[in-house]
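Reader: I am new to this structure and would like a close look at one part of it, followed by the spaces that can be found around it and elsewhere.

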Amino acid sequence: PPDGGAEAPQRMNAEERLAAMSLREQIGQRFMIYVPRGFGSDGSGRGEDDEGASRDYAALLKNGAPAGMIVYPWNFTDAESLRALTAKLQEFARFNPLGGNFLIAADQEGGRVAAYRFSQLARFPSAARVAAQAQARNSAQGVPQPETEYLRSVAYITGHDLATMGVNINFAPVLDLTDRPDRSIIGDRSWGNDPAVVATLATAYIEGLTTAGVIPTVKHFPGHGVTRVDSHGRLPIVDMTLEDLRRRDLFPFQSAVDAGVPAIMTAHILFPGIDPDYPVTISEVFLQDILRTEMGYEGVVVSDGLSMGALADNYEIDLVLERALRLDVDLILLHDRYDFTEILERVEQLIADGRIQKTDIERGAFRVLQLKEQYGLLR
């Protein structure tokens, strides 16, 4: 970085950093990108290193300044190579010191959704089985509620393992309600069908993960358990009213908001009876009227993957970007379907065309920087 560039921001808070950022840097803080095959694989990942891929990605991190990235199994072979990779990624954060350290994310729910299955890590079963165990521990003593210390411990151990490998944000826990703990899109990833029980477990899980220094992200708002359609491939369409959602599915999310959860991930689901035009991730009704206003949520909203078929196959990318950024989806998750540099240029053009205002960009970038500050990632 330029002389002194890595030193001055150390003393700046989120608000001061935002004010010092260029527009391109602010836009970058609204996105989380993936790590391509080949980057870091020269001794710190899987397979033969692709010098071109490493060089291009390094240039992207130096010039594009995303908020962070999510790593996948193709990027590492074991816990040590993952540690080496996350350390290597954070080295590039110094080239954009105003943004602080990168958010490095994982889907470490337990059971069949676990990014890391290394032998030296604690391997927890599915959410359905963990919830049953929490219930059983207290039922044996005649207590109707699940044992929250058990869930708090599960979350803490999970977070501790992630933190030792350089991962600082977990896309968990799942707050979707379902009575079918099978292997469908949600299934056994859910803690169950009782809103009060799931809400109780969610609060304990949030506390445990936070104590370990890892950012919890509850998902998939306002509840993906109401459908068995996989939004990775198709757009789920659910015939429910807002009152239906309020009675059941929104309850655990409201409890998480009240508990101070720092991040919420949206679901790519269309509820025609509530918003006939747009799925939740780009719906003003869900994002602004319900989540921000009615539920009082002030934290970071994270999108599910933008490349998932539910969005990518049904809505033009500029429309998705315009609505997500304007309606305060603070952190947009990109996959390899989209080129990050092209996305940055598209957003700049949307601003030039008046479809997005600079203040729209600033609001979300500030929330992301505040989140980093809260978890010590601006130091």
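How are H12 and H13 oriented to each other?

Author: This is a predicted model, and the pair you ask about can be described step by step. Two packed helices are described by the angle between their axes and the distance between the axes. Helix H12 covers residues 317-326 and helix H13 covers residues 340-352, and their axes come within 10 Å and cross at roughly 70 degrees. Angles of 65 to 115 degrees count as roughly perpendicular, and H12 and H13 are therefore roughly perpendicular to each other. The crossing in which H12 passes H13 is right-handed.

On the side of H12, the residues that take part in the contact are Ile317, Asp318, Leu321, Glu322 and Leu325, and they meet Ile343, Arg346, Val347 and Leu350 in H13. Sorted by class, the residues of this contact are six nonpolar and three charged, with no polar ones.

H13 also has a part in the second largest pocket, where H13, strand E1 (31-34) and helix H3 (51-64) each supply at least two residues of the lining. The largest share of that lining comes from H3, with four residues. This pocket holds about 250 Å³ of space, and of the 14 residues that line it, Tyr34, Tyr57, Leu60, Asp339 and Phe340 lie nearest its centre. Its lining divides into nine nonpolar, two polar and three charged residues.

The largest pocket, for its part, holds about 310 Å³ of space. Its lining is made of 21 residues, of which Asp107, Arg189, Lys219, His232 and Asp304 lie nearest the centre, and by class these 21 lining residues are eight nonpolar, six polar and seven charged.

The largest cavity has a volume of about 270 Å³, and of the 25 residues that line it, Gln108, Glu109, Gly110, Thr158 and Tyr205 are the closest to its centre. Strand E4 (108-110), helix H5 (127-139) and helix H6 (148-164) each supply at least two residues of this lining, and the largest share, five residues, comes from H6. The lining of the largest cavity has 17 nonpolar, four polar and four charged residues.

The second largest cavity contains about 80 Å³ of space, and among the 13 residues that line it, the closest to its centre are Gln29, Ala65, Asn96, Leu98 and Gly99. Its lining residues divide into seven nonpolar, four polar and two charged.

Methods: Residues are numbered from 1 along each chain as its sequence is written. This is a predicted model: local features need pLDDT of at least 70, side-chain atom pairs count only at pLDDT 80 or more; totals for chains, interfaces and linings use all residues. Side-chain values use heavy atoms; hydrogens and water are left out. Axes are lines fitted to C-alpha atoms, for helices over the stretch in contact, and angles run from 0 to 180 degrees between N-to-C directions. Angles under 35 degrees count as roughly parallel, over 145 as roughly antiparallel, 65 to 115 as roughly perpendicular and the rest as oblique. A crossing is left-handed if the near helix is turned anticlockwise from the far one by less than a right angle, and right-handed if clockwise. Contact means heavy atoms within 4.5 Å. Ala, Val, Leu, Ile, Met, Phe, Trp, Tyr, Cys and Pro count as nonpolar, Asp, Glu, Lys and Arg as charged, and the others, Gly among them, as polar. On a 1 Å grid over the protein atoms alone, a cavity is a set of points where a 1.4 Å probe fits but cannot get out, and a pocket is an open set with protein on both sides within 12 Å along at least five of seven lines; lining residues have an atom within 4 Å of a point. Grid points are joined across faces, edges and corners, and a volume is the space filled by probe spheres set on the points.
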